[in-house]
Amino acid sequence: MEAAWITPAWYVACLSEELTPGAPLARTLLGTPVVLFRDGAGKAGALLDRCAHRNVPLSLGRVADGVLQCGYHGWRYDGDGTCVAVPGLCGEGGRQARAVPAFAAREQDGFVWVFGAPNETPTRAPFAIPAPGEGATVVRRTVDMEGPLLAVLENALDVPHTAFLHKGLFRGNGGKHRVTARLSRLPDGLQAEYVGEPRPGGLAAKILSPSGGVVTHFDRFLLPSIAQVEYRLGTDAHFISHSICTPLDASRTRIHAVFSFRTRLPGWLVRPFLEPVALRIFEQDAVIVKAQADAVRRFGGEKFTSTAVDVLGLQIARLLKGGEPDPGWTRDLELEV
């Protein structure tokens, strides 16, 4: 399966709380083994997970005196990938041939972000999660999906499937309704606005906005790998989700999901009812994305037929493959709500 992602970009490698002092952490990013560790000042570093000496994974070593020490022969590396010590060697260890590739790393919003291209200096910061706003409740979850990045992103931003795969949980109980979809280009991605949409049927919408009201709905793709869904239901309910996707390799994607919601009722009262519904929706998506990926492999490749209802999927694919999307259009759709 062909990989579709952007290499020189920021991706979440782990949660900040997962990277503890003294213990290196192995991760796979864009199909590449990476080791994360904290230096003596607590700053996160990321190196290729392979010692320059005998190719042993550095993640099998330990952090000693603020640098990463290989568990085989004790070679030590700093956060820039420079070999700062070779036990038993008289003289300095820091020759270029003894260095390992380093990846820029930055902590932000509770995540450790790693730049996908080694030995490069990023010109921009990672995506910043918008502040949740006064009175909002925030829920975070990490979900692994057995599917490529493009399939996971399309699933997160695909409206029609929700009435069938998630029937009763989100959509599927309100009949058909004519909706206008407006696609526009953003500086760092794409936005689909759905106009004239009634409150979705299903349990989740009833929990968020039991009194109904006018719906404002935006789906956004933000480069390189973020799906953002925003709903305003009436004047009292606001829901925004960020699916921050990290392609582990060509066939596996990790989602760091951040949900923020505000309703007329207190968040502590709504969360115990809303959270199980959201997790069940994620489980259903994970099963269907895996089934899709398995079928693609079984038949030896992809063969898709798309229609006007597939609003964002093809446009995201163009962006990920280095092309330009075709934004600026408006379409009338008949959706199950």
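# Salt bridges, a sheet and a surface patch

Glutamate 107 counts as partly exposed because its relative accessibility is 36%. The scale behind this wording calls a residue buried under 20% relative accessible area, exposed over 50%, and partly exposed in between (1.4 Å probe, protein chains only). The model is predicted, so local features need a pLDDT of at least 70 and side-chain atom pairs count only at pLDDT 80 or more, while totals for chains, interfaces and linings use all residues. Residues are numbered from 1 along each chain as its sequence is written, and side-chain values use heavy atoms, with hydrogens and water left out.

What does glutamate 107 form a salt bridge with? The partner is arginine 38, and the closest N and O atoms of the two are 2.5 Å apart. This pair joins distant parts of the chain: arginine 38 belongs to strand E3 (residues 32–38) and glutamate 107 to strand E10 (residues 105–108), 69 residues apart. Arginine 38 has a relative accessible area of 10%, so arginine 38 is buried. Two terms need their cut-offs here. A salt bridge is a side-chain nitrogen of Lys or Arg within 4 Å of a carboxyl oxygen of Asp or Glu. Helices (H or I, at least four residues) and strands (E, at least two) are DSSP runs, numbered from the N terminus.

The structure holds 13 salt bridges. In another of them, arginine 141 meets glutamate 275, with 2.0 Å from N to O. Arginine 141 is partly exposed because its relative accessibility is 31%, whereas glutamate 275, at 16%, counts as buried. Salt bridges also link Arg141, Arg271 and Glu275 in a network.

A further salt bridge is formed by glutamate 230 and arginine 220, whose closest N and O atoms are 2.9 Å apart. Glutamate 230 lies in strand E16 and arginine 220 in strand E15 (residues 215–222), 10 residues apart. Are these two residues buried or exposed? Both glutamate 230 and arginine 220 are buried.

Leucine 233 has alanine 237 in E17 as its bridge partner.

Next come backbone angles. Most residues other than glycine have a negative phi, and most peptide bonds are trans. The peptide bond from leucine 223 to proline 224 is cis, with omega near 5°. Proline 224 sits in the loop between E15 and E16. Leucine 30 is not a glycine, yet its phi is positive, near 55°. Leucine 30 is in the loop between strand E2 (25–29) and E3, and it is buried because its relative accessible area is 10%. Asparagine 55 also has a positive phi, of about 65°, and is placed in the loop between strand E4 (44–48) and strand E5 (62–64).

How many disulfides does a search of the whole structure find? The search finds zero, a disulfide being a pair of cysteine sulfur atoms within 2.5 Å. For cysteine 51, the nearest cysteine sulfur is that of cysteine 70, 3.9 Å away. Cysteine 51 is buried, with a relative accessible area of 3%. For cysteine 245, the nearest cysteine sulfur is that of cysteine 14, 17 Å away. Cysteine 245 also counts as buried, at 1% relative accessibility.

The last stop is the surface. Leu265, Trp268, Leu269 and Phe273 form a nonpolar patch there, with about 470 Å² of accessible area together. Patches are made of residues with over 30% relative accessible area and no salt bridge; like charges are joined within 9 Å, and nonpolar side chains (Val, Leu, Ile, Met, Phe, Trp, Tyr) within 5 Å. Accessible areas come from the Shrake-Rupley method with a 1.4 Å probe, and for residues only the protein chains shown count as cover. Phenylalanine 273 is part of helix H4 (residues 267–298). Its relative accessibility is 54%, so phenylalanine 273 counts as exposed.

Key. Pairing = 2+ DSSP bridges.
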